[in-house]
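This report describes the model shown below, taking its confidence, its strands, its cores and some individual residues in turn.

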Amino acid sequence: RGRLKIAAAVMAARCRLAARFHRVHGTNVRLDASRTRATRVESFANGLCFSQEPLAPGQVFLVEIEEKELGWCGHLRVGLTAHDPQSLEVVPEYSLPDLVNMGDTWVFAITRSHNRVTADGEEARARGPPWEPFLLIERVRIPRDALVGRSRPGRYSHILDDLYKANVLPATARRSRIGVLYALQPDGTADMHIIINGEDMGPSARHLPATRPLYAVVDVFASTKSVRVIPVEYGFPSLQTLCRLVIQKHVVHRLAIDGLDLPPPLKSFCKHE
């Protein structure tokens, strides 16, 4: 039991460290001071970002779409790469096809629909009940609530909390949450999975080299203007998360947090689901 607690604590620390963007990114990307928010400042390309650290097996790198930009065709792209971002002489203009053409990279374009990937002759997997508290992918068990993007509550939305919780957004909408992870397979390789608002889209790529470090790829492309990394708790919750739970427990509804004497960043964190 002691070893399991230590392993959980190590995983939690690793996830918090990886829940930010790498310093290496596309020329049109601007990161905030915490490197958890990436914004494409002009054009529609050169928006490539990477996770700060390579992902562990079963570790999801999750982002929320914060801003959209009208006038462009195409949406967010996510995936994995075995290329260390630090080793890139030039960050490619596009994840598809430029980074993928370099090899050892697997990227999936998010669309308004048709995101589920199935192999030839394979039927789409049945969706699990949306109220299940955990998403199960292979042997990976992820708290579902953090994975689901929902529209921002309105002035009286606390009256409709049950409806609000069921209001799952379309894949490319603002506040939609998109994640990527890889799951180990018996043959020693890995399958890449894309998660959209708490739903597993199935293996988007198979036979990834699990023995090599794999970084998350997030391409802030076209109509996607800005994304924010959402930390996903594994093992023990952080002190920050525990404080948020206490604050949420003692307010009438989420909008009441605005009236508290707290720093704006803490208010924003407390209001996030």
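## Model and confidence

pLDDT is the predictor's confidence in each residue, on a scale from 0 to 100. The structure is a predicted model, and its protein chain averages a pLDDT of 83. A score of at least 70 is reached by 76% of the residues. Over residues 155-160, by contrast, pLDDT stays under 50; for this stretch the model has four contacts beyond four places in sequence.

## The four-stranded sheet

Four strands form an open sheet in the order S3-S12-S5-S6, and their pairing is antiparallel. Strand S3 (48-50) and strand S6 (105-109) are the edge strands, each pairing on one side only. With direction ignored, neighbouring strands of this sheet are turned by 20° against each other on average.

Three bridges join S3 to strand S12 (residues 215-219) in the antiparallel sense. Within S12, Val217 is the residue that stands opposite Phe50.

## Strand S4 and its partners

Strand S4 is mostly covered, with six of its eight residues buried. S4 pairs with S9 in the antiparallel sense over four bridges, and S4 also pairs with S13 in the antiparallel sense, over six bridges. Leu62 stands opposite Gly179 in S9 and opposite Ile230 in S13.

## Nonpolar cores

In soluble globular proteins, nonpolar side chains tend to be buried together. In this model the largest nonpolar core has 34 residues. Phe21, Phe61, Val63, Ile194 and Val218 have the most contacts inside this core. The elements that give two or more residues to the core are strand S4 (61-68), strand S5 (77-81), S6, strand S9 (177-184), strand S10 (190-196), strand S11 (199-208), S12 and strand S13 (224-230). S10 supplies the largest share, four residues.

Val218 illustrates the contacts of this region: leaving out residues up to four places away in sequence, Val218 touches Phe21, Gly47, Leu48, Cys49, Phe61, Val63, Leu76, Arg77, Val78 and Val227. A second, separate core has 11 residues, among them Val60, Leu62, Leu147 and Val232.

Ser51 lies in the loop between S3 and S4. Because its relative accessibility is 0%, Ser51 counts as buried. A polar atom of the Ser51 side chain lies 2.7 Å from the backbone oxygen of Glu53. The Ser51 side chain also reaches the backbone nitrogen of Ala216, at 3.0 Å.

Thr81 is placed in strand S5, and it counts as buried because its relative accessibility is 0%. Its side chain reaches the backbone nitrogen of His83 at 3.1 Å. Apart from neighbours within four places in sequence, Thr81 is in contact with Phe50, Asp104, Thr105, Trp106, Pro213, Leu214, Tyr215 and Val217. Of these, Val217 is the residue in S12 that stands opposite Phe50.

## Gln248 in helix H4

Is Gln248 buried, partly exposed or exposed? Gln248 lies in helix H4 (residues 239-249). Its relative accessibility is 26%, so Gln248 counts as partly exposed; the buried class requires a value under 20%. A separation of 7.0 Å is found between the C-alpha atoms of Gln248 and Cys270, which are 22 residues apart along the chain.

Methods: Residues numbered from 1 in each chain as written. Predicted model: local features only at pLDDT ≥ 70, side-chain atom pairs only at ≥ 80, totals over all residues. Heavy atoms only, no water. Buried < 20%, exposed > 50% of the residue type's maximum accessible area, 1.4 Å probe, protein only. Contact = heavy atoms within 4.5 Å. Pairing = 2+ DSSP bridges. Axes fitted to C-alpha atoms, helices over the stretch in contact; angles between N-to-C directions. Core = buried A, V, L, I, M, F, W, Y, C linked by side-chain atoms within 4.5 Å. Polar contact = N/O pair within 3.5 Å; in protein donor to acceptor, adjacent residues only side chain to side chain.
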